[in-house]
Amino acid sequence: EDLESMETPMTIVNPVMGVWPKDAPDKQEEVTLRFESGRCVALNGKKMTPIQVLQLANTIAGRNGLGISQALENRILGTKSRGVYE
């Protein structure tokens, strides 16, 4: 199938970092963040570096079907390009 065709659903792409919202768990997952001096230093009560917080937050979001979108872009050359982004 051709992703560039608007007739093709974006679900032909297999997510790498997460799941499609329809495949996500039906129950909510609560996340708590702790900040010190404007920096996030803990996620769900576990102290970690800011980069570790970001990595874990991405993992949690991915397994809950967040962060997947599609876009139709106008390129400088006058062409259109469609992409699915995580």
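The legends below describe close-up views of a predicted model. Residues are numbered from 1 along each chain as its sequence is written, and side-chain values use heavy atoms, with hydrogens and water left out. Local features need pLDDT of at least 70 and side-chain atom pairs count only at pLDDT 80 or more, whereas totals for chains, interfaces and linings use all residues.

**View A. Helix α1 and its buried residues.** Helix α1 comprises 14 residues (50-63) and spans 20 Å from first to last C-alpha, close to the expected 20 Å (1.5 Å times one less than its number of residues). Helices (H or I, at least four residues) and strands (E, at least two) are DSSP runs, numbered from the N terminus. Val53, Ile60 and Gly62 are the buried residues of α1 (under 20% relative accessible area, 1.4 Å probe, protein chains only). Their cover includes β1 (33-36) and β2 (39-43).

**View B. The loop between α1 and β4, with Asn64.** The side chain of Asn64 forms a polar contact of 2.8 Å with that of Glu29 (N or O atoms within 3.5 Å, one able to donate a hydrogen and the other to accept it; residues adjacent in sequence count only if both atoms are side-chain atoms). Beyond its neighbours within four places in sequence, Asn64 contacts Ala24, Pro25, Lys27 and Glu29 (heavy atoms within 4.5 Å). Just after α1, Gly65 adopts a positive phi of about 75°.

**View C. The hairpin of β4 and β5.** Strands β4 (69-74) and β5 (80-85) pair in the antiparallel sense over six bridges (pairing requires at least two DSSP bridges). Gln70 has Val84 of β5 as its bridge partner. Five residues lie between the strands, and Gly78 in this hairpin has a positive phi near 95°.

Terms used:
Buried < 20%, exposed > 50% of the residue type's maximum accessible area, 1.4 Å probe, protein only.
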